[in-house]
Amino acid sequence: MKRPDNDSFHMSLDEFAENARKAVDEIVAYYKNIESYPVLSKSEPGDVFSSLPGNAPEKGEQFDDIIRDVRDIILPGLTHWQSPMFFGYFPSNTSGPSIIGELISAGLGVQGMLWATSPACTELETRVLDWTAKMLGLPDAFMSSGTGGGVIQDSASSAALCAVIAAREQVKRTGTPQENGLAAYASEEAHSSVEKALRISGVDISRLRRVPVDETFAMRADALEAMIAEDLQKGIHPFFIAATLGTTSSNGIDPVPEIGPVAEKHHMWLHVDAAMSGTAAVCPEYRYINKGLHFADSYCFNPHKWMFTNFDCDCFYVKERKHLIQALSILPEYLRNEATESGRVFDYRDWQIPLGRRFRSLKLWFVIRHYGIEGLQYHIRKHIELAQYFAGFVRASDTFELAVEPPFNLVCFRYKGTDKENELLLKNVNKSGSMFMTHTRMDGKYTLRMCIGQTNTRQEHVYRAWHILEHAASVLQS
Ligand code: PLP
């Protein structure tokens with residue numbers, strides 16, 4: 001359908017304004033009604049696929065028809081991550097300012113691979129990542145004014161990959177003998193992204209040592225030392241340690257103050273993955289988790305998990321940016337430019353795997369400016385309070401028990417029964433559509449995980465969730 005006013009197929013600016021308003025109204029309606037949808041999609045495999053035509057339309061369609069299909073076909077196929085009754089995995093929360101920042105980023109349509117391709121895209125990112133480092137109380141070395149700096153990655157997995165590649169490059173550059181191969185260390189509870197990063201970067205995966213954890217599911221530094229010593233004896237070169245602040249299964253906090261000196265002694269790269277729990281450090285009373293970070297070569301946390309910034313936004317910091325750039329920089333003729341050659345600018349394409357990059361700092365900037373540090377602290381504290389409120393119900397219950405004391409906003413617990421019963425209870429609860437939770441295994445036992453980090457979750461939702469669980473348990477018993 002040719003557009004009458006500009007003799008092209010493009011959406012005119014007037015049409016854009018009208019349609020964009022409709023789209024915003026649609027999003028507002030979605031949030032107003034979100035609690036009426038089953039949190040876990042009831043869609044069966046193939047339902048959405050078969051509701052969509054097999055061929056792309058020959059002629060352009062009306063905007064209202066496309067929006068109607070979002071409502072009728074897409075929404076039923078969604079699991080509602082933004083529902084206040086979503087307690088699964090780790091959250092992927094968002095907020096009004098973040099959505100608007102994302103919209104403006106799409107509107108500006110900038111590709112910020114080089115400083116020269118949009119100076120504001122690079123410099124806003126540098127400034128906002130410095131703000132965030134200060135907000136979390138990270139060491140000064142991670143700031144752009146020093147030897148390090150921060151960059152936005154799409155995910156904590158990409159951050160881990162960049163860290164591994166930088167670490168491996170340093171091993172090569174220092175001429176360390178590697179004939180018996182390299183070894184990396186992460187706790188038994190570390191996220192699978194560490195293994196994936198090593199696999200992608202060509203490190204023999206049988207040389208990923210899974211370090212045992214203590215009763216709080218935190219890495220045992222003594223076991224780490226022992227494993228490194230054993231590898232050294234075999235002529236294997238220990239090069240990389242991944243510590244986690246807030247493991248995915250159990251929210252274990254690895255003891256970086258003890259791990260750090262081990263990394264330093266053996267000249268190993270220490271990467272600290274604080275994907276979700278790093279955000280807790282916005283509140284001074286939880287900043288203790290950052291102790292020992294001055295030992296870290298790299299660190300990451302995800303505002304796209306627990307800082308009201310929609311996916312994707314991982315903040316990745318390095319102590320020595322030259323190490324990252326040495327590993328990832330390639331400058332073909334077609335990207336050469338004066339600014340790069342002057343050495344006075346950051347070209348973030350050298351800090352990541354892809355070349356192109358979105359203007360992601362806009363949404364984070366909007367979030368931080370909207371909430372202020374005070375607002376972020378308020379909501380993070382509320383989530384932690386709500387998790388502790390929920391843990392209180394579990395502690396007082398005859399039917400459920402805690403699997404571990406929850407440090408922040410993740411409560412791991414069990415129905416006092418068999419693995420099968422726990423599995424069935426979770427299945428029934430999720431099938432009801434009234435709330436959504438996920439599970440893990442801790443100490444070999446099927447364990448329920450209740451993670452409280454959705455933007456709009458309030459006490460009434462947590463209270464309701466507890467009663468849904470109690471009811472599900474009583475059905476099991478009957
Ligand atoms: N690290 C930890 C501790 C996580 O919990 C997760 C995801 O939940 C990741 C890394 C991977 O995060 P991303 O989805 O940003 O790659």
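This tour moves through a predicted model, stop by stop, naming what to select and what is found there.

**Stop 1: helices α5 and α13**

Two packed helices are described by the angle between their axes and the distance between the axes. Select residues 119–136, which form helix α5, together with residues 361–396, which form helix α13. Their axes come within 10 Å and cross at roughly 25°. Angles under 35 degrees count as roughly parallel, and α5 and α13 are therefore roughly parallel to each other. The crossing of these two helices is left-handed.

Which residues make the contact between α5 and α13? On the α5 side, display Cys121, Leu124, Glu125, Val128, Trp131, Thr132 and Met135. On the α13 side, display Ser361, Leu362, Leu364, Trp365, Ile368, Arg369, Ile373 and Leu376. Sorted by class, the residues of this contact comprise 11 nonpolar, two polar and two charged.

**Stop 2: helices α13 and α15**

The crossing of α13 with α15 is right-handed.

To see the contact, select Leu386, Tyr389, Phe390, Phe393 and Val394 in α13, which meet Gln459, Val462, Tyr463, Trp466 and Leu469 in α15. How many nonpolar, polar and charged residues does the contact of α13 with α15 have? The contact has nine nonpolar residues, one polar residue and no charged residues.

**Stop 3: leucine 426 in helix α14**

Next, select leucine 426, which lies in helix α14, residues 419–432. Leucine 426 has a relative accessible area of 6% and is therefore buried, since buried means under 20%. Leaving aside neighbours within four places in sequence, leucine 426 is in contact with Met437, Thr438, His439, Tyr446 and Leu448. For a sense of scale, draw a distance from the C-alpha atom of leucine 426 to that of tryptophan 365: the two residues are 61 apart along the chain, and these atoms are separated by 38 Å.

**Stop 4: asparagine 302**

Move to asparagine 302, in the loop between β6 (298–301) and α10 (303–306). Is asparagine 302 buried or exposed? Its relative accessibility is 1%, so asparagine 302 counts as buried. Show the side chains of asparagine 302 and histidine 304, which are joined by a polar contact of 3.0 Å. Beyond the neighbours within four places in sequence, asparagine 302 is in contact with Ala156, Ala274, Ala275, Thr279, Cys313 and Asp314.

**Stop 5: backbone features in loops**

Most residues other than glycine have a negative phi, and most peptide bonds are trans. The remaining selections depart from these patterns.

- Select phenylalanine 311 and aspartate 312, which are joined by a cis peptide bond with omega of about 10°. Aspartate 312 is in the loop between α10 and β7 (314–318).
- Select phenylalanine 217, in the loop between β3 (208–211) and α8 (221–233). Its phi is positive, near 70°. Phenylalanine 217 has a relative accessible area of 4% and is therefore buried.
- Select aspartate 443, in the loop between β10 (438–442) and β11 (445–451). Its phi is also positive, at about 50°, although aspartate 443 is not a glycine. With 59% relative accessibility, aspartate 443 counts as exposed, because exposed means over 50%.

Notes: Residues numbered from 1 in each chain as written. Predicted model: local features only at pLDDT ≥ 70, side-chain atom pairs only at ≥ 80, totals over all residues. Heavy atoms only, no water. Axes fitted to C-alpha atoms, helices over the stretch in contact; angles between N-to-C directions. Helix = DSSP H or I, 4+ residues; strand = E, 2+ residues; numbered from the N terminus. Parallel < 35°, antiparallel > 145°, perpendicular 65-115°, else oblique. Left-handed = near helix turned anticlockwise from the far one by under 90°. Contact = heavy atoms within 4.5 Å. Nonpolar A, V, L, I, M, F, W, Y, C, P; charged D, E, K, R; others polar. Buried < 20%, exposed > 50% of the residue type's maximum accessible area, 1.4 Å probe, protein only. Polar contact = N/O pair within 3.5 Å; in protein donor to acceptor, adjacent residues only side chain to side chain.
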